[in-house]
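Reader: I have a chain open and would like to go through it with you. Can we start with the overall picture and then look at the pockets?

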Amino acid sequence: MQEYAITREVSALSGARVVLRAGTLYAALDRLTEQGLVEVDREEAVQGRLRRYYRLADAGAAVLADEVVRLRHNATLAAERLRRRPALTPRAVG
């Protein structure tokens, strides 16, 4: 089974909590490309197979920036609610 750089990066960023399968990855890349959020950077043949490299489009960067703001807001709300609970000790992640 071939390992893709994107799937490795997703696994690393999520602490191995998210594992993308090839079909899921390709469907997401197709959808994001159609929406103009990512674009093909270049293509090259490697061992007789086409390898495609993607990059985040300007529109994708804007959507991602909005999502970061939304997630930070939600995390702040969650942290505020957790502080209201008595004697809560956060668990170590990892």
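Reader: What percentage of the residues of the chain count as buried?

Author: Of the 94 residues, 9% count as buried, where buried means under 20% relative accessible area, exposed over 50%, and partly exposed in between (1.4 Å probe, protein chains only). This is a predicted model, with local features needing pLDDT of at least 70 and side-chain atom pairs counting only at pLDDT 80 or more, while totals for chains, interfaces and linings use all residues. Residues are numbered from 1 along each chain as its sequence is written, and side-chain values use heavy atoms, with hydrogens and water left out.

Reader: Which elements does the chain have, and in what order?

Author: The chain has three helices and two strands, running α-α-β-β-α from the N terminus. Helices (H or I, at least four residues) and strands (E, at least two) are DSSP runs, numbered from the N terminus.

Reader: What lines the largest pocket?

Author: Its lining has 29 residues, with Tyr 4, Ala 5, Ile 6, Leu 25 and Arg 52 nearest the centre. Two or more residues each come from α1, α2, β1 (38-46) and β2 (49-56). The largest share, eight residues, is from β2.

Reader: How does that lining split by class?

Author: Into 18 nonpolar, three polar and eight charged residues. Ala, Val, Leu, Ile, Met, Phe, Trp, Tyr, Cys and Pro count as nonpolar, Asp, Glu, Lys and Arg as charged, and the others, Gly among them, as polar.

Reader: And the second largest pocket, which element gives the largest share of its lining?

Author: Helix α3 (residues 58-83), with six residues. That pocket holds about 260 Å³, and its lining divides into eight nonpolar, one polar and one charged. Leu 32, Val 63 and Glu 67 are among the lining residues.

Reader: One last residue. Where is Ser 14, and is Ser 14 buried or exposed?

Author: Ser 14 sits in the loop between α1 (5-13) and α2 (22-34). Ser 14 is buried, at a relative accessible area of 10%.

Definitions and conventions. 1 Å grid on protein atoms, 1.4 Å probe; cavity = no way out; pocket = protein on both sides within 12 Å on 5 of 7 lines; lining within 4 Å. Points joined across faces, edges and corners; volume = space filled by probe spheres on them.
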